[in-house]
Amino acid sequence: MGDMTTVRRAVLTLPAAPLGPDNPLPALRTLATPHDVDARATADMSREMVRQLDGAPLRTLLPTRIRDGYGRERVPTGLDTLVIENDRLRATVLPGLGGRVHSLLHKPTGRELVHRNPVFQPAAFALNGAWFAGGIEWNIGAPGHTTLACAPLHAAIVPAPDGGEMLRLWEWERLRDLPFQVDLWLPEDSDFLHVGIRVRNPHERAVPVYWWSNTAVPEDRRVLAPADTAWRQDTELGLRRVPVPRAEDGTDHTRPPHSGLPADHFYDLPDGRRRWIAALDDSGTGLVQTSTDLLRGRKLFVWGSAPGGRRWQRWLTEPGTPGYAEIQAGLARTQRENVTLDGGEELSWLEVYGPLAADPAAVHGENWPDARSEVERRLDEVLPRAAVDGAYEAWRGGPADAAPVTVLSTGSGWGALEALRAGHDLPGTPFPASTLDEEQKPWLELLRTGVLPPWGRSAVPGPSLVADAWRDMLETAPAEPWTEYHLGLAQWHAGDLAQAVRSWERGLGRATVRWPLLYCLAVADQEGGHPVRAAERFAEAFDSLPEDEETVTAPLGREVLAAHLAVGDVTRARALWHRLPERARERGAFRFLEARLLLAEGRPDEARTVFDEGFEVADLREGAEELGELWSALTDAPLPERYDFRMCP
């Protein structure tokens, strides 16, 4: 018999780019809508899939804030970790960064089972910005990487089903207003990390739920799943059904380095079959993930072999690091879908991660049914389906509700505020009042007195709350400018855009701190198709900034410049440029804006010089084409590799 599982604190030192401050501007803008699904594709879909497709989309990212304060200067940094291990496996978890499993080491062989990123480099891949590559991540909320990707979670030791120690992670997800938990344990002598996950809906109303667990694996693997077809989604053609493993053009996406362009492949797993996905190397060994049946979907994401995909790989890690692909598992067949969770109900399931060894000749052979059958046979030998179902029942039979024994880290206070407001009873995931901090303090005052306090000495509003219950409280609170600001955000979030504008205009009439309300009205003009008026209001907001509010100057200045360039007001844009702090103008995002401004001024040679001198836009979004578009406006020369992030040919 081996040693019982233990959980301990440790520190991991990595070259890391600091996250920096959150963007103080409210996240008002509507989100990009996905490609329409071709009618020929929907004809192949089940009624359930069509019904869930693109359901309950988010208009904005409220009440969360954009996280774009990071750069690309990395320095050695100690990251707090929680290590869970037995004599077979060691899992290293980052509780301050979304509970990411940074490493999963198989101790007998010394093999790392996941792609372990040697650096911490945020990039703008999460719904709200900062995200980083590698390991196993837990995505909840809406399609995309979770807003909690770089946020702290609550963490504690609780008793595991076998009597050892289990690591619990939990938090209150704010986009859908739902609490969730992730329980990790290693049964004695087991090669497999067990992960029990539960999402609860404490409200009376039904709520759309999105969940995908994403695992980064070295891309020199073959990825296998029990499917003959997949739903392929890429930036060029949208969602369509394709055969597995070879597409119509002959490329084999199950071999990531040879898969062409970046794309998602959602495997069409037959009902009744065991759900699993594996990534195995040339020797037939690697990682397998399986689960109880509720976790229905399986997906492979590949960066492909095109220059843009390779550039993204280097952008997210460091030169010389091997590439990666992602194998994923979710509640629905595709990430275009949400499932519905009724009021007072919950969803729970068990995931299992561990090593697998299969016959390499079968795994890498051209006979796809034989390859996947070999993997399934080996999985059934080392981890029978009944064992997974039994472990789930043992976890749900008591340990899932067990109270934390030793608290290891603390997340946000938003769950505590919701627990106080509604009296939620959530066994196993307490949100104690001791976790409330300065961000929740004004809302606690509103809850207790019906009055929202002013912003205080700062001219930067704190985070907002936009759920129905809070909007009702704001509507009955005294109509002070700061109350009208937050009320307008809640109304905007609910889709009542005209009423939001009226609230902001009322607040502006009495405000001494004007820029937050002017900013909101500028975005409303922009979204409403009035770009000239929007630019004027952005400029008015910028003009009204207090001199000592540097945290606002750069993000608002970036918006003001872009708005004036969009309407061709080059003279005002240049005047605004000179008012920016010098350190802001040195950042890559502003160097890019400078190149745009120089081109608009009829100075293309100087704009080209900006490119030649080199810059990096730290928060470049996945699929962004603006660098290539500006380069093409300056020259017919090929786009330099350092600026080539194109996801399409």
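How many strands form the open sheet, and in what order? Nine strands do, in the order 15-19-20-24-12-11-10-9-25, with antiparallel pairing. This is a predicted model, so a local feature needs pLDDT of at least 70, a side-chain atom pair counts only at pLDDT 80 or more, and totals for chains, interfaces and linings use all residues. Residues are numbered from 1 along each chain as its sequence is written, and side-chain values use heavy atoms, leaving out hydrogens and water.

**The sheet**

- Strands here are DSSP E runs of at least two residues and helices are H or I runs of at least four, numbered from the N terminus; two strands pair if DSSP finds at least two bridges between them.
- At the edges sit strand 15 (222-224) and strand 25 (406-409), each pairing on one side only.
- From one strand to the next, the twist averages 20°.
- Strand 9 (residues 154-159) pairs with strand 25 over three bridges, in the antiparallel sense; Ile157 has Thr406 of strand 25 as its bridge partner.

**Helices across the sheet**

- Helix 5 (residues 368-382) lies across strands 15, 19, 20 and 24, at about 75° to strand 15.
- Helix 6 (residues 385-396) lies across strands 10, 11, 12, 20 and 24, and runs at about 135° to strand 24.
- Those angles, on a scale from 0 to 180 degrees, are between N-to-C directions of axes fitted to C-alpha atoms, for helices over the stretch in contact; contact means heavy atoms within 4.5 Å.

**The cores**

- A nonpolar core is a set of buried Ala, Val, Leu, Ile, Met, Phe, Trp, Tyr and Cys residues joined through side-chain atoms within 4.5 Å, where buried means under 20% relative accessible area, with a 1.4 Å probe and protein chains only.
- The largest one has 83 residues, of which Trp138, Leu184, Trp211 and Tyr267 touch the most other members.
- Strand 24 gives the most to this core, with six residues.
- Another core, of 59 residues, lies apart from it and includes Trp443 and Ala563.

- Helix 13 (residues 531-543) buries residues including Arg537, Phe538 and Phe542.
- The buried residues of helix 13 pack against helix 11 (497-510), helix 12 (515-527), helix 14 and helix 15 (570-579).
- Over in helix 14 (residues 550-566) you'll find Val560, which counts as buried because its relative accessibility is 1%.
- Leaving aside neighbours within four places in sequence, Val560 is in contact with Phe538, Ala539, Phe542 and Leu576.
- Val560 and Arg537 are 23 residues apart in sequence, and 8.9 Å apart in space, C-alpha to C-alpha.

Definitions and conventions. Buried means under 20% relative accessible area, exposed over 50%, partly exposed in between (1.4 Å probe, protein chains only).
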